[in-house]
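Student: I would like to go through this model by asking what lies behind each label. Could you set each value against its criterion?

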Amino acid sequence: MKYSYYPGCTLKNKAQALDMYARASASVLGFELEEVSEWQCCGGVYPLGSDEIATKLSSVRVLNEAKKKDQALVTLCSACHHVIKRVNDDMKNVPDIYQKANRYLQLEEDYRGETNVYHFLEVLRDQIGFDKLKEKVVKPLTGKKIGAYYGCLLLRPSSILAFDNPENPKILEDFIRAIGAEPVIYPYRNECCGGYISLKEKDMSKNMCEKITQSAEGFGADMLITACPLCMYNLNKTESKKIPVYYFTELLAEALGLKED
Amino acid sequence: MQRIGVFVCHCGSNIAATVDVKKVVEMAMCEPGVVHAEDYPYMCSEAGQAKIQAAIKEKNLGGVVVCSCSPRMHENTFRKAAEKAGLNPYMVEIANIREHCSWIHKNMEEATEKAVILMKAAVAKVNLNTPLQAGESRVTKRALVIGGGIAGIQTALDIAEAGYPVDIVEKTPSIGGRMSQLDKTFPTLDCSACILTPKMVEANAHPNINIYTYSEVEKVSGFVGDFTVDIRKKARSVDMSKCTGCGVCQEKCPNKKTPNEFNRGLNNRSAIYTPFAQAIPNVPVIDREHCTKFLTGKCGICAKVCQAGAVDYEQQDEIITEKYGAIVVATGFNMINLDKYDEYAYSQSKDVITSLELERIMNAAGPTKGHLERLSDGKAPKEMVFIQCVGSRCADKRGKSYCSKICCMYTAKHAMLIRDKYPDVNVTVFYIDVRTPGKNFDEFYRRAVEEYGVNYIKGQVGKVIPQPDGKLLVQGSDLLSNKQILKEADMVVLAAAIEPEPGVRNIATMLTASIDTNDFLTEAHAKLRPVESPTAGIFLSGVCQGPKDIPETVSQAGAAAVKAIGLLAKDKLTTNPCTAKADELMCNGCSQCANVCPYGAISYETKLINDHGVREDRRVAVVNSALCQGCGACTVTCPSGAMDLQGFSNRQILAEVDAICR
């Protein structure tokens, strides 16, 4: 199975681990991530403005590339996924936006949200299946108590992201079980880390992240996993934090025996 | 061609402000057959009716068209007026130029044009009307009440007291309903069981009341005054005539792992059980899905210990068929499922409970013997938080759009009772609005705040956060002081929205009674006929019609009883003459009409038919006009066009369509 793949800027520098281990794992799990050529930055938060057109265009280009190949588009970074999925929804349902974007881009054929956008985790759950994944695990992470940190970008708004129950998600917990570890359920796993506010009001984001890490530690987690480079950045800025944070793909690769110790 | 009179009503300004009534009169005079047309401010008034009657006599009218409001409002008024003037009432037609025209349009020119078209259609129809005679049907003097909660019990008692026999059908093993699960009732704080059980006993002992518990309505046929109902009496596995209610079987039953429905699953019960101590009848039921004997064949202890020999594993479901004149729906409510409200951690913490669960915890017969304690560790709480409107007044699709109406009062009750019995417990209530209309209701709420020191915070809760130490953190906002609140709590109580009992949809379908988008049964008129269903002979009692508290439920139950009594007191009902009729010459005996008839009104007879001189025996459809309700299903099904509805014949309908398209 071949998917179009959108890595996003962060995965090319700060979050190379997220990208690298995902590609390696994909080949073991029997699917291929074909990087879209000449992709551009998703635009971060800017495309979420409802009166914003220009910054949405990079997402539309990527979506259209996948459409031309008749492939689904796979993402990894929570923020990129959020932006592209929401732009795709706009291209399907918001006339003002799809009309303007198509007029601007002058594509051979109008793009109207035809491409399916999956997060890598959704591919694992819905296309591969966690049962199948479990069979491929060669080095199960037995005995590890792992707290899943979802953040907010993957879950909300749930009507558009349609990723999991935003108040009580379980996809990462199921993933943790599949790689042989024990999930730790803690109430702050779907709370916001502060996002970009950490650039302007460091203390606010620090407070938010402290609640998250303390809650996870309180419920007995040895480590946290995330899919989001920004969450990773903010969580790692928390001074009181005692437990490490990993990208979920890193543990996936480890369980599949792809990671050198 | 009839001699037709057209009467255009202004309805004050309701019609006249949007429709040029003079123009409608003017246009009416141009229609074929119209010999008289006039307008009047209120056609339904005495004076308006007199104008119609005078015109009928003076102009010798054979047909009347009244351009006014919906026929549901005044068709009967005008028909009676016409009848008094010597015209057959079925020669009157209504053109609805209010609900279908003036109320929904703003542009006078367009509305007038439409009113004229509607008038023309009615004139075209009345031209083809023929005088019809209403028949009569009998009334079975027996009522059926579906649901044995306080609503059903009260309705049954009132009907029985008036001298008519009543059957109550209750799906659970005992009557009593939700009220039997409550501990205390607002605003007087009297014990729920103490006021309910006398009513249950009275219903059980009443010579005119017959109670079928553990039973469900399975099939309903017939119509107002003459319903035939199949009731499935589920196999109780205990012989009601032999059981003494000693309770030994329940004690000795080794299988005590079934969640106790009566205690909302907070503890377990035996597989053979009566739901609660005051149950009526006091005869247990074997829950066959959980009984070891039925699951594995090995056990039979209850039969061995039963001195009376009442346990009967071979008992079968029984179908009882009975005739009724009136049916009252009193199916009640349940609390919504909280699956979609995971932010309140209901599924994650045992110490987050619903109000109905708290009701069981506070009750002496409940899972904690009436002692207020955390279900996780049995410790006494020090801080309690109540969250209002969980799933009520909800703007998104997760919950209900309506106000559940009872939660503000029962939460004030819970808060007050806890502060009274456990003064060291702090109680906080998060609310959107406190709604306490009702006699002595606001005073009750004020007492909770002023005398009992309950802390009310205006604002919603965003999240309930279970802590590693077992406590709960409640994150909410105080809208009055514009502050974010993070409050520690030992227990959180959710006032979950109420919704109609899920089975009501099925019952409504059987009764052909309409329900709204929230599955509440619809009343015939929101203001003027609040306890009747639009389906004749079906009455509504209690929460099945909309959220209400006990006093209101009892009032409505009485009102539904009065309406049912009014029906049962009649010996005969006038039937609608607009029934189907088969043209024997055209009928080919295919049976399709009989297959679609929801009332079983069509049968087949072999008759000697004289078809243009050819005499032969043919199998033809015959409509029983006493059973036919005039729904018209057969007329559109009939492939040869032999079936026609009197008063709404194909010719009449097509004449209307032609008039509209002309």
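Student: What share of the contacts in chain B with a separation of 6 or more comes from residues 24 or more positions apart?
Tutor: The share is 70%. Keep in mind that this is a predicted model. Chain B holds 18 helices and 34 strands. Its C-alpha trace spans about 90 × 65 × 40 Å along the principal axes. Of its 662 residues, 45% count as buried.

Student: How do you know that the length of helix α5 of chain B agrees with what a helix should span?
Tutor: Helix α5 of chain B covers residues 108-126, which is 19 residues.

Student: What makes α5(B) mostly covered?
Tutor: The count of buried residues: 14 of its 19.

Student: Why is B:Tyr214 called buried?
Tutor: The cut-off is 20 or more other C-beta atoms within 10 Å. B:Tyr214 has 22, so it is buried. This residue sits in the loop between β10 (209-212) and β11 (215-223) of chain B.

Student: Which peptide bond is cis at B:Pro281, and how do you know?
Tutor: The bond from B:Ile280 to B:Pro281, with omega near 0 degrees. B:Pro281 is in the loop between β15 (272-273) and β16 (285-286) of chain B. In chain A, a cis bond joins A:Arg156 and A:Pro157, with omega about -10 degrees. A:Pro157 lies in the loop between β5 (145-148) and α7 (158-161) of chain A.

Student: How is chain A divided into domains?
Tutor: Into domain 1 (2-120) and domain 2 (130-255). Their centres, taken over C-alpha atoms, are 23 Å apart. In the contact between them, 22 residues of domain 1 of chain A meet 18 residues of domain 2 of chain A.

Student: Which helix gives the most to the side of domain 1 of chain A that touches domain 2 of chain A?
Tutor: α1(A), with eight residues. By class, that side has 12 nonpolar, six polar and four charged residues.

Student: Why does A:Leu121 count as buried?
Tutor: A:Leu121 has 23 C-beta neighbours inside 10 Å; the cut-off is 20, so A:Leu121 is buried. Its place is in helix α5 (residues 120-128) of chain A. Beyond neighbours within four places in sequence, A:Leu121 is in contact with A:Ile171, A:Phe175 and A:Ala227.

Student: What makes helix α12 of chain A mostly covered?
Tutor: Seven of its eight residues (248-255) are buried. Among them are A:Phe248, A:Leu251 and A:Leu252. The cover includes α1, α8 (171-178), β7 (223-226) and β8 (245-247) of chain A. Just after α12(A), A:Gly257 has a positive phi of about 75 degrees.

Student: How many residues does each chain bring to the contact between chain A and chain B?
Tutor: Chain A brings six and chain B seven. The chain A side divides into two nonpolar, three polar and one charged.

Notes:
Residues numbered from 1 in each chain as written. Chains lettered and ligands numbered in written order. Predicted model: local features only at pLDDT ≥ 70, side-chain atom pairs only at ≥ 80, totals over all residues. Helix = DSSP H or I, 4+ residues; strand = E, 2+ residues; numbered from the N terminus. Buried ≥ 20, exposed ≤ 12 C-beta atoms within 10 Å, placed from the backbone. Contact = placed C-beta atoms within 7 Å. Expected span 1.5 Å × (residues − 1). Domains from an automatic or database assignment. Nonpolar A, V, L, I, M, F, W, Y, C, P; charged D, E, K, R; others polar.
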